[in-house]
Amino acid sequence: MRNKSIMFMVSLLLVLVLMALSLFVACPAPAKDKIVVGMSRPLSGPLAIIGDSAFRPIYETWVPMVNADGGIYMSKYGKYLPIELKIYDDKSDVGTMTRLTEKLILEDKVDFLWPACGTSFVFGQAPIANKYGYVLVTAEGGATTIKEALPSLPYLFVSLSFSDWYEVPVLAGILAEQGVKTAYVVYIADLHGIEYSGVFGIELPKKGIQIVGNVSVPPDLKDFAPVITDAMNSGADAFLCEGYPDQVLPAMGTSIALGYNPKVWLGGPGANFGFFHTAFGPAVEGVTCWAVANRKTSPAMKEMYDLLYEGKPEDVHDWWGHPLYWASLDIWKAAVEKVGSTDQDALREVLATTKLDTVLGPTWFTMFGDGGGLMAYESHTGEVGQWINGELEVVGYTGIEETLPNYKATADFVYPKPLWPAPAE
Amino acid sequence: MDIIRGVFKMPRLWWLISLILLVLLATLPLYGSAYTVILITAIIMYVILTVSWTMFFAPTGYLSLATAAFFGIGIYTMAILGEQLPLLPAVIAGGLVSFVVALIVGAITLRLRGVYFTIFTFGLVELIKHLLLFWEINVTGTRGRFVVLENNNTIFGVILGIFVVLMLTYYLLRRSKYGLALRSIGENEEAAAHLGVNVNLLKVFTFALSAFFMGAAGAIMATRWTYVDPYVAFNVLHSFLPVLMAIFGGMSQLYSPIIGAVIFAYIEEQLLTRFPEYFMLIFGVILVVAILYLPNGLVGLVRKWWQKGLREENVNS
Amino acid sequence: MLVSALNIVINGLLLGGLYALVAMGLNLQYGVARVLNIAHGEFIMLGAFITWAMYTKFGINPLLSIVIVGPIVFIIGFIIQRTLFTSLRTSAPSQPAFEGSSMLASFGLLFIIQNVALIIWGGDMRAYSYYNFGINLGGAVFAANRLIALIFAVVIGIAFYIFLVRTRIGKAIRAAAEDPTTAGIMGVNINLVLALCFGLGAVMAGLAGVFLSMCFPIYPVMGLEYLIITLIVVVLGGLGSIPGSFIGGFILGLIGSAVSSWQPSLALAAYYFIFMLLLIIRPKGILGK
C-alpha cells in the first residue's frame, strides 16, 4: 500500500512539473525588431492536401519577398521590420486549431494572426479572433453562410471568391450567352457543395437554364461511373461538378473514359490547378473552372506569377486562389503600413474603409453593417476560366464590365467544348 | 451500502493527495495563465476519454473503437440543444443520448468478441457520421452548425466536474462487487455466466456508462469549437487516441490511464508547436520506442524500477 | 435496365478487385503474423507514389513499376517484422498483449511513413492519365485502366493462393497461421515465415497502390481511408481466410456500386450498415472458422 502511494506521488509530481513548465514559457521580447505573425496550419492530416497547395506556397514566397526589402515600414518604430512566421500544426483538427489559435494570441502574443485552412476552420477561428480583437484576413475558405455571420464578426475579412460572390452569376451569364439550355449538377455533400448547388438553382434559372439533375456525392466516394452515366443519360448541355480535387479529378477521368462529352464541362476547385493539366494533358481542352487571373491579366499579375512559379513544376499552379491569397497579403501589408503599428482596431478601420492597391489593382472590402467584410467582387479580375491551348484563360461574356469593372477576360469562351482526344496509348 | 463502505476503504493518503490535486486544478483559473486553462481543458478532455475507455476495456478485455461515436453524439447534442437548454442540462443530455445509443449498440453486439467487436465499434463511428451527413443535407438542408461560445473558465469548470464524477464512478466500480464480476467476464466469460453473473446486463451497462462520460465531454467541448459538422464531430482520431494513451500509460492502476493521457497530450502539444513539420515523424518514433521498451505502459516501467530499487535496498540492508 | 444492371456489376467488380488485393495483404499480416497493421494503407500510398514518380519523372510504364515497387515494399515490410514486431512478439506476455502492442506500434509506423512522404512529395494531390479510355461491353462502358487493374489484381491474388497451397513455404505459412508453437516445433523457422508473410502482405498493398494510381488521384494522406475499407473487407471475409478476403473485396465493391447508382450520398453509409449487419448475423465473417 505504501509502495502504491509513493508511486502515485511520483507520478503526481511529474504532472505538476509539467504543468508548471507550461506556465513559464514565452517571455515577450523587449525591443521591437520584428513582426511576429502566427498561424495554425494543417501540416499533417487530410487538409494538408489543400493547405500545401493553396496558401502555403503564397506565404512562403511573399514573406521572403517582403523581407528582402527590409520588411514592413512601421511608422511607430520609424523603421522597417521583417516578418517572422510562427506556424503550428493543427493536424487538420478543428479542436486543435482553436486551442493553438488561443495559444498564439494569449501565450505567444503574436502581433498578427494569419488564417487557418478551410471553410469550417474559418468558422471556428473567426469567433476566437473576434473575441480577442485580432484582425483575421482569411485565405482558403468562404461560403454564403459566412454572410449571415459577418455582421457579428467585425474583425473578419474574407478574401476568396465563392459561389454567389461572384462566380456563379458570371458563369450563368456566359452559359446564357452561348445558348446553354440545360445543366446537370453534381456536388459534394458538404457545406461547400450544398451552397453551390443552391446558388446554381437560383442563378441558372434566372438566365433560362433548366437544371435537369442535382446529385450529391459523399466526400470519400471513389467510384464516379454511376453518376457520370446518369449525367450522360440526362443529355444536359452543361455538366457542373462542384467538389474538391478529390471529386473533380475522378469525375473528369471517368467522363473521359466513358466518352461523356457535354458542351460545357465545369469542375469546381480542382480543374483550376496545374496538376489538373499535368494529369490529363490535352484532354483538358475546353474544360471550364473557377479562375481569377493569369499572366495576361496585367503586368503586375505576370510579375507575381513569374516570382511565385519560378523553378517550380506546373503541378503547383493555381489560377483561382493564388492571386486572391496574394492580394489578401498585399492589402494586409498596405493597411498595416498605413496604421504603422500593430494596433488591431486601427488595422480593422483601415481595412474596412480604404481602397488599397494590390496585385488585383484597386482592392477593398465590402462591409456587412458594423461587422466584417468580403473582398469586393468589383475588384476581382476574373471569376470563370477555361483551358484553351494548354493555358487556363479567364473568360467572360459581353458587357461584363458593367457589373465587374475590373474583370479582364483573356480569351473568348469556346463552345461547345472540343471532344476528348482519342486515346494516345 | 457496499458502495458507501467502498469510499471509506480508500487509504487516507490517497484521498489527501487527490484532494490537493483537485483543489490545485480547480483554482487554476486564479493563478494560471488564460492559455494554461485552455491547454489543461484539452488535456482533461483526453483524460476523460481515456479513463472512460479503460473503464470498459480493463476489466472486460473488449477493445472498443466507438469513442469517437459517443464523443461525436455529445458534440451534436450540444449543437442541437445548446440554444434551448442551459449549459449543464445540455451537457448531461449529451451524456444521456450517448448512454442510450451505447445501450442499444451494446445489446446488438452481445455476440461479438475480440477483433470483431473492435471493428464493429469502428464501423459505428463511420455509419453514424454518414447517416448524419445524409440527414443534415437532405432533411435539414445544412451541414454545419454553430454552437454558442462559452467562457473558457466555465468550460474548464464543467470538464473538471465531469472528470471528478468519472474518477469516483471508476473507483467505486473497481471496488464494488460489480467490478469483481466484470473482471470475471474478462477472465472467462462462460465461467462467469455459470457463476450466476448476469454477464450481458453487466457488460452492456458498463459500456453505456463509459459512453455517458464520453458524450458529456463531447457536449462541453463543442462549446469551445463553436462550429461543428459531422466530419469535425466524428473524427476517428478520437477513437484511436484514447487507446494509444491508455496503452501508453498502462492500465493496472486507477491512475495509470490518467498519467498516460496527460503525458501523451503534453508531448503532442509540444511537438505540434515546436516541430510542426516533423510532428508525426517524432510522434511516431516516440510511440514505437515507447511500445518497445514500455510493455506495461509508463506506469509499469516506473513501478518496475521502483520495485528493483526496493529489492536492492533490502539486499544492502 | 439490363445495361444499368450490367454497369453496376462491372463497376463493382472493378473496384472490388483492388479491395480484394489489399485485404488479402492485411489478412496475411493479421491472420499469420497477428499484427493488425494500421500502417497497411501507407504501403498502398508508397506503391502509388513510387509509380507516379517513376511515370512522370522517367516515363516508366506504371505496369513496369510492379517490379520496382514489389521488392521495395517487400524489403521494408520484411525488415519491420524482423526487427520491430519480432522483438515485440518475443517479449509479449500473452497473445492479446502482443496484438495490442503491435497495433500501437503500427500506428507509430503510420505516422512515420506519412510524415516522410509529406516531406518528400509535399501534401499536394497527384494524378496522371494512363489507358484512360472507354471499353464497351454489351452497352456498359468503363475505363480501360480499371480493367487492367482488375485483371492484374485477380492474377496476383490467384497466383498467391496457389503459392500458399502448393509450395513448401506456403504450407509453412499456413502451418504457422494454424498454430505457431507446433509449427515451430515441427522445424518451421517461425520468425522467417512471419517476416515473409509481413513482407508479402506489404507487397500486395504496394501493388494495389500501383494499380490505384492508374485510376484515382493520389496524395500522401490517402492511406487511412483505404485502410478502413480494407479492415471491413477482411472481417467480412473472415479473419485468416485468404479466399474470404478475396470474395469479401468483390462483395463490398458490388454493394458500393449498387448503392452509388441508386443514391450516391448513401454509398458509404451502406457499406458500414451492410457490414455491421453481416457481423451480427455471422460474427466470424463469410468464410471465417
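The stops that follow cover chain B, chain C and then selected residues of chain A.

**Before selecting anything**

The model is predicted: local features need pLDDT of at least 70 and side-chain atom pairs count only at pLDDT 80 or more, whereas totals for chains, interfaces and linings use all residues. Residues are numbered from 1 along each chain as its sequence is written, chains are lettered from A and ligands numbered from 1 in the order in which they are written, and side-chain values use heavy atoms, with hydrogens and water left out.

**Stop 1: chain B**

Chain B contains 16 helices and two strands (helices are DSSP runs of H or I with at least four residues, strands are E runs of at least two, and both are numbered from the N terminus). The radius of gyration of chain B is 20 Å, close to the 20 Å that the globule rule gives for 317 residues, so chain B is as compact as a globular protein of that length. The radius is taken over C-alpha atoms, and the globule rule is 2.2 Å times the number of residues to the power 0.38. Along the principal axes, the C-alpha trace of chain B spans about 75 × 55 × 45 Å.

Next, colour chain B by accessibility. Of its 317 residues, 60% are buried; here buried means under 20% relative accessible area, exposed over 50%, and partly exposed in between, with a 1.4 Å probe and protein chains only. Chain B exposes about 12600 Å², and carbon and sulfur atoms supply 68% of that area. These areas come from the Shrake-Rupley method with a 1.4 Å probe; for residues, only the protein chains shown count as cover.

Contacts (heavy atoms within 4.5 Å) may be examined as well. Among those in chain B between residues at least 6 apart in sequence, 80% join residues at least 24 apart.

Finally, select the charged side chains of chain B. There are 19 positive and 14 negative ones, and the centres of the two sets lie 10 Å apart. Lys and Arg count as positive and Asp and Glu as negative, while His and the chain ends are not counted; each charge is placed at NZ of Lys, CZ of Arg, CG of Asp or CD of Glu.

**Stop 2: chain C**

Move to chain C, which has 11 helices and two strands. In sequence order, the pattern is α-α-α-α-β-β-α-α-α-α-α-α-α. Its radius of gyration is 19 Å, close to the 19 Å that the globule rule gives for 289 residues, so chain C is as compact as a globular protein of that length. The C-alpha atoms of chain C fill a box of roughly 60 × 50 × 35 Å along the principal axes.

The mean for chain C is 86, and 98% of its residues reach 70 or more. Within chain C, confidence is highest in helix H2 (residues 40-58), at a mean of 94, and lowest in helix H7 (residues 180-185), at 70.

Of the 289 residues of chain C, 62% count as buried. The accessible surface of chain C comes to about 10100 Å², of which 73% belongs to carbon and sulfur atoms.

Now select C:Tyr130, in the loop between helix H4 (95-121) and strand E1 (134-137) of chain C. Is C:Tyr130 buried or exposed? At 1% relative accessibility, C:Tyr130 counts as buried. The C-alpha atoms of C:Tyr130 and C:Asn145, 15 residues apart along the chain, are separated by 6.5 Å.

**Stop 3: chain A, helix H5**

Select A:Ser120, which lies in helix H5 (residues 119-131) of chain A. A:Ser120 is buried, with a relative accessible area of 16%. Which residues does A:Ser120 touch, not counting those up to four places away in sequence? A:Ser120 touches B:Tyr227 and B:Asp229.

**Stop 4: backbone features of chain A**

Select A:Trp165 and A:Tyr166, which are joined by a cis peptide bond with omega of about 5 degrees. A:Tyr166 is found in the loop between strand E7 (156-158) and helix H7 (167-178) of chain A. A cis peptide bond also joins A:Tyr415 and A:Pro416, with omega of about -10 degrees.

Then select A:Ser92, which has a positive phi of about 60 degrees although it is not a glycine. A:Ser92 is buried, with a relative accessible area of 13%. End at A:Asn389, where phi is near 50 degrees, a positive value in a residue other than glycine; at 70% relative accessibility, A:Asn389 counts as exposed.

Definitions and conventions:
pLDDT = per-residue confidence, 0-100.
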